[in-house]
Amino acid sequence: MFTDYTGKRQQMVRQQLIERGIHDSRVIEAFRKVPRHLFLDEALWPQAYDDHPLPIGEKQTISQPYIVALMTEALQLTGKERILEVGTGSGYQAAILAELADEVYSIERIPPLAKRARKVLDSLKYANIIIRIGDGTNGLKEFSPYDGIVTTAAAPDAPDPLLQQLGVGGKLIIPIGDEYTQDLKMYVKEAEDTYREESLGGCRFVKLIGEHGWK
Ligand code: SAH
């Protein structure tokens, strides 16, 4: 039976985002638009708009909607930015970012996830997202500097290459902590080699595995 999940999506936006303080109208519009269920296996569609992460295969998860919104809102996007996402996963956050920024680069270490994300994003006609397979803890120097970098997996420390690949004024959003609990951090590059650090609250992500993450 055909269900488009529009009602569930609008309810998610109201109850999980707006009522918890997400207020950037462009961010809210993007969440109203992007069909989150299409980034999941069909068996999970009925849960796609629920208030928790969900499995996407390969022992990875799509983040809870609120966390995606919190990370995205922190970037304060206007539509002109070049953004790097580390951890493509399902491709959902890449789609949200592509609604709000000019160019999105996303890097994923697990090839089947990257391939599936590409397929969904193509079917939804996102032309401003480039996906690469590789270790995102090294960033993606080729297209740097970035106005923003979002890392959707947790690291012990902010990887140096990511800090270096930010332009001045750019922001790195990344969960920092151990395997079980982390603090969502934002590093703002105020000048070459000068960063201001802020905490956006507690969170729990899968591990960032790579040269400048967990081994
Ligand atoms: N943003 C994703 C969430 C994915 S979960 C979404 O919207 O669905 C985090 C992802 O980070 C996983 O797919 C995992 O494979 C990936 N990952 C972990 N370490 C990585 C690394 N060093 N480089 C690139 N991707 C990595």
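1. A salt bridge is a side-chain nitrogen of Lys or Arg within 4 Å of a carboxyl oxygen of Asp or Glu. The structure holds 12 of them. This is a predicted model, where local features need pLDDT of at least 70, side-chain atom pairs count only at pLDDT 80 or more, and totals for chains, interfaces and linings use all residues. Residues are numbered from 1 along each chain as its sequence is written, and side-chain values use heavy atoms, with hydrogens and water left out.

2. Strands are DSSP runs (E, at least two residues), and helices are runs of H or I, at least four residues, both numbered from the N terminus. E103 is partly exposed at 24% relative accessible area. R82 is also partly exposed, at 26%. Partly exposed lies between buried (under 20% relative accessible area) and exposed (over 50%), using a 1.4 Å probe and protein chains only.

3. E142 and R132 meet in another salt bridge, 2.7 Å from N to O. E142 is in the loop between β5 and β6, while R132 is in strand β5. E142 is exposed at 55%; R132 is partly exposed at 29%.

4. D183, K185 and E197 are linked in a network of salt bridges.

5. Q165 lies in the loop between α6 and β7. Q165 is buried, at 5% relative accessible area. Beyond its neighbours within four places in sequence, its contacts (heavy atoms within 4.5 Å) include N138, K141 and Y146.
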